[in-house]
Each structure stands twice: as structure tokens, then as C-alpha cells.
Amino acid sequence: MAAFPPASPLLSPLASILPEHLNLMGYVDRSEVNGPDCRAVVWVQGCCRQCSGCFNPQSWSFAPNQIISVEALVNRILREPRNQGVTFSGGEPFWQAVALAEVARQVKAQGLSVMSFSGFTWEQLQAESAPVGSQALLAQLDILVDGPYVESLAIHEATSPVSSQNQRVHVFNPALKNAINWASDQMEVHIFPDGSRLFTGYRGQVGLFD
Ligand code: SF4
């Protein structure tokens, strides 16, 4: 596991992302293995921790990948009526916290729940050194799963909502107290109209295949 990351030159491409836009690695509707119930999942692009055993090393680069406006992303999430919430994953969502907080605010106004994974701990996200916008995003969250994946502490149990023992599930919305019903060792396969496939859920892995 990498230490708490200092300001890194790896982050510099973030400056090229326009305000109210996001740089994504992937997106899927109707996932049931990335949080309570049926939800959209937004995988952001960019993480500088480089954890050993990371499930999504293709998410590490901050170079522009799929650029989308906040407005377009909100519309995409709301367009699927079976999405009861949205989960932010990555990559590190909190490096794009300003735009994600606005996405969260708008979908919550339509009755959806919002959850985020983060390699930062909840305490780090409240520190002055936290990424810009962290407080705004935290204020919108119903659930936060915090802490990086630590390979030596990996959990492979069908009922665990986290992937390694150091990670914690913070439920900020009491209405979701009994909704911790997803498991880190389940896998989903999404098949898209063009024939491409996305695997998600098993140890958090996500991949696109032709
Ligand atoms: S924090 Fe998550 S995305 Fe980032 S390197 Fe660690 S496991 Fe991978």
C-alpha cells in the first residue's frame, strides 16, 4: 500500500479537466454488487496510490479518458428508472470531489442514494490536506467505504461488503442502516448492445473486453 499521497505530479492532468466535468474510466447502470439495491456505478479515472493487488490499475492514470459534463452524467444516471442510487468508485473519487458533489446533489434531489468508495480514510478526508471539495462530497454521501485495498488483509468471503479488513463502511443515512446487502466476492457481467462486456463486483474488478 502506498502512503497517504502527497501532492503529486501524477495529478497534473486534473488541471486540464474543465469545471463541471469529470474524467471517467467507466460507467454502468443497474449494478447490484456495488452498493445497496440496484444502482449506477461511476468509475472515475485517476488514483495515485498504486496499491499492490489493485483491481483496477487501468484507473491509475489521470490522463483524460472519458470526459463527461456533470449535466450529462446526471441525465445518464436518471435515464435508467431502475437505478435507485449511484456509487462512485475508481480510481479515487475524491480527486474529482467538486464535480461529484454536484452530481450527488442533483441525483439526491431526485430521490437517489449516493455512496462512494475512497482510498482515503474518513479522517483523512476531513483534514485540511484532503482533496478540494472533499467536505462537499462527504456532505452528500449516504454511505462511504473508506481505506485503500491492502492485499495482505484481503477478505474473500461471500458476505463481506469490503475487500480488505482495514476498510470500513460508514452509513451516514440511518434509512440505509440495514441496506449493507452487497458482497465484495460477487461478480456481475454486463453485456452491451455492441457486444462489449464489463465485469464488476468480484474483488471490485472492472474490465471491458471486445
Ligand atoms: S486506492 Fe483503489 S484504485 Fe487506487 S490504487 Fe488503491 S485499490 Fe487501486
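Me: Helices (H or I, at least four residues) and strands (E, at least two) are DSSP runs, numbered from the N terminus. Between which helices is the loop that holds Pro131?

Reply: A quick heads-up: this is a predicted model, where local features need pLDDT of at least 70, side-chain atom pairs count only at pLDDT 80 or more, and totals for chains, interfaces and linings use all residues. Residues are numbered from 1 along each chain as its sequence is written. Pro131 sits in the loop between α3 (122-125) and α4 (134-140).

Me: Is Pro131 buried or exposed?

Reply: Let's count neighbours: 20 or more other C-beta atoms within 10 Å of a residue's own make it buried, 12 or fewer make it exposed, and in between it is partly exposed, with C-beta atoms placed from the backbone. Pro131 has 21 of them within 10 Å, so it counts as buried.

Me: And Gln126, buried or exposed?

Reply: Gln126 is found in the loop between α3 and α4. There are 12 other C-beta atoms within 10 Å of Gln126, so this residue is exposed.

Me: What is the order of the strands in the open sheet?

Reply: Two strands pair if DSSP finds at least two bridges between them. The open sheet has seven strands with mixed pairing, in the order β3-β1-β2-β4-β5-β6-β7.

Me: Which are the edge strands?

Reply: We want strands that pair on one side only. In the open sheet of seven strands, these edge strands are β3 (66-69) and β7 (168-171).

Me: How many residues of β2 are buried?

Reply: Strand β2 covers residues 39-44. Arg39, Val41 and Trp43 point one way, Ala40, Val42 and Val44 point the other way, and all are buried. β2 is therefore largely enclosed by the rest of the structure, and the count of its buried residues is six of six.

Me: How do β2 and β4 run, parallel or antiparallel?

Reply: On one side, five bridges join β2 to β1 (residues 21-31), and that pair runs antiparallel; here Val44 is the bridge partner of Leu24. Turning to β4, Trp43 stands opposite Ser89 and Val42 stands opposite Phe88. Four bridges join β2 to β4 (residues 85-89), and this pair is parallel.

Me: At what angle do α1 and α2 pack?

Reply: The axes here are lines fitted to C-alpha atoms over the stretch in contact, and angles run from 0 to 180 degrees between N-to-C directions. For α1 (residues 70-79) and α2 (residues 97-108), the axes are 10 Å apart. The two helices pack at an angle of about 40 degrees.

Me: Where is the cis peptide bond, with omega near 5 degrees?

Reply: Most peptide bonds are trans. Head for the loop between β4 and α2, where Gly91 lies. The cis bond runs from Gly90 to Gly91.
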